[in-house]
Amino acid sequence: MTIGGEAAPTEATFDVINPATGAVVAAAPDCGREQLDGAMESAAKAFRDWRLDEGARRDALRAVADVLSSSVDELAPILTAEQGKPLRDARREVAGAAAWCRYFADLDLPREVIQDDARALVEVLRRPLGVVAAITPWNFPVTLASWKLAPALLAGNTVVLKPSPFTPLSSLRLGELLRGVLPPGVLNVVSGGDDLGAWMTGHPVPRKISFTGSVATGKRVAAAAAPDLKRVTLELGGNDPAIVLDDVDPEAVADRLFWAAFANNGQVCSAIKRVYVPEALYGKVVDALADRARAVRVGDGAAEGTELGPVNNRPQFERVAELVDDAVRGGARAVSGGSARPGDGYFFEPTILADVSDGTRIVDEEQFGPALPVIAYRDVDDAVERANATHFGLSGSVWSGDPDRGAEVAARLECGTAWTNTHLVLQPHQPFGGAKWSGVGVENGPWGLLAFTELQVLYRSRG
Ligand code: NAD
């Protein structure tokens, strides 16, 4: 771990498993309570100076980006070993994190004059909040760490970062790589189980919790933050609908639909998790998706040519199997896949489920894995109503031969991002957040930066 700019060894450790093989790849440090106190104290101490010099922070963030860019060869294999994703995707993830840091390094911290007259000069400033507790999940450990670190640090906050116990290694290594780049205490990286996350959210030092993870944990985080009125940003689960309109060519959209559902083996908060298709096109869309699912190369992410890796961890692997079994027991048809792969590792065949409808668990819940239900609908109003009949509201998409018609329908989706003829496009300047139970607040863009600040009015009387 990295605390106060130095290595912080622990007595206790926990195993990290390579999901492609089931073998232990490393023993990760298990942070104790006193060590967490030390991390919080060092972050609080570092905050005193870090907040003062905006120019130095911008330079430091550019240096962080350079370290990420020059460490792709080192970090990507670590990420693949702990997460399972193909090496090519792991490399892209690390490079993307560098791009995010560069974007924020140049982003303006607004200082607005709202009154300038004989009575007063009144300005609105943005002050940093203090220590930020950053907690990330196991699907994109490096990406999601950068989404928090870059804006938090630019705004003048200091950070204690805790990755998921399933994927701690890339974040721990990043902490090591940045020891000489950031002043001691500005970024502390600790690792441990879910208890450690709860200790962080209940700790008196952090003034903000930036959390990405499941809805259930997000609610616990919100409850833990409430007594101390800590600020929170919650990026939570999704059950994104894709609505296919009756004017599409199924073959033309199948590839894009497939990859928007199965990227990262379906383990993306804003992946397509259910597809609504007009009755007239239903068979064609199902077949086109199943063709792609059968053709995709599933394997160890470290092997050349792998397109989809394993599910990241055993509980998630069992959950995907359980939801698919439940659907099939209820009458759904697995047109491709439908079962786990025999042998080592948490491999599940890419699964397209047909003859399934709302009210089935895999349609109503977030499956977060390589299984996609395809649902027939009668008319567009019916599809929109069913797409919105959920507590989730992360994102969604509409697919149409007429982009204007598609965008009109997309605007009716109750979610944070509604795409037309694409899905999963996330960019540093584009705010990302969930409606309803999918989150509170947004990340990215100027909006995401401001979420790591609070307003201060500076009033100079001239009277
Ligand atoms: P999770 O909620 O189980 O864990 C997320 C993190 O929270 C981990 O670091 C975990 O150790 C920690 N944690 C667990 N209990 C805690 C507690 N009581 N207090 C504080 N921290 C605690 O989620 P996961 O299984 O790692 O990730 C999958 C989920 O994340 C999916 O639901 C997915 O949709 C969601 N997700 C959302 C986004 C987004 O931006 N909206 C992005 C990626 C993933």
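Leaving aside its neighbours within four places in sequence, which residues is Thr-201 in contact with? In this predicted model, the partners are Ile-135, Ile-209, Val-221, Ala-224 and Lys-230.

Start with the setting of Thr-201. The residue is found in helix 7, which covers residues 194-202. Thr-201 has a relative accessible area of 4%. Buried means under 20%, so Thr-201 counts as buried. Its side chain also has a partner within the chain's backbone. A polar atom of that side chain lies 3.0 Å from the backbone oxygen of Ala-198. Now look further back along the sequence. Ala-133 is 68 residues away from Thr-201 along the chain, yet the C-alpha atoms of the two are separated by 7.3 Å.

Next, turn to a pair of helices. Helix 4 spans residues 87-105 and helix 5 spans residues 141-154. Their axes are 9 Å apart, and the helices pack at an angle of about 15 degrees. An angle under 35 degrees counts as roughly parallel, so helix 4 is roughly parallel to helix 5. The crossing of the two is right-handed. Helix 4 brings Glu-93, Val-94, Ala-97, Trp-100, Cys-101, Phe-104 and Ala-105 to the contact. Helix 5 brings Pro-141, Val-142, Thr-143, Ser-146, Trp-147, Ala-150, Pro-151 and Leu-154. By class, the residues of this contact are twelve nonpolar, two polar and one charged.

A second pair is helix 3 (residues 72-83) and helix 6 (residues 169-177). Their axes come within 8 Å and cross at roughly 155 degrees. Over 145 degrees counts as roughly antiparallel, and helix 3 and helix 6 are therefore roughly antiparallel to each other. On the helix 3 side, the contact uses Glu-74, Leu-75, Ile-78, Leu-79 and Glu-82. On the helix 6 side, Leu-169, Ser-170, Arg-173, Leu-174 and Leu-177 take part. Here the residues divide into six nonpolar, one polar and three charged.

Finish in a loop. Where does Asn-313 lie? Asn-313 sits in the loop between helix 10 (282-295) and helix 11 (314-329). Is this residue, Asn-313, buried or exposed? Asn-313 counts as buried, because its relative accessibility is 4%. Its side chain makes a polar contact with the side chain of Asn-312, at 2.9 Å. Not counting residues up to four places away in sequence, Asn-313 touches Trp-138, Phe-166 and Tyr-346.

Technical notes:
Residues numbered from 1 in each chain as written. Predicted model: local features only at pLDDT ≥ 70, side-chain atom pairs only at ≥ 80, totals over all residues. Heavy atoms only, no water. Axes fitted to C-alpha atoms, helices over the stretch in contact; angles between N-to-C directions. Helix = DSSP H or I, 4+ residues; strand = E, 2+ residues; numbered from the N terminus. Parallel < 35°, antiparallel > 145°, perpendicular 65-115°, else oblique. Contact = heavy atoms within 4.5 Å. Nonpolar A, V, L, I, M, F, W, Y, C, P; charged D, E, K, R; others polar. Buried < 20%, exposed > 50% of the residue type's maximum accessible area, 1.4 Å probe, protein only. Polar contact = N/O pair within 3.5 Å; in protein donor to acceptor, adjacent residues only side chain to side chain. Left-handed = near helix turned anticlockwise from the far one by under 90°.
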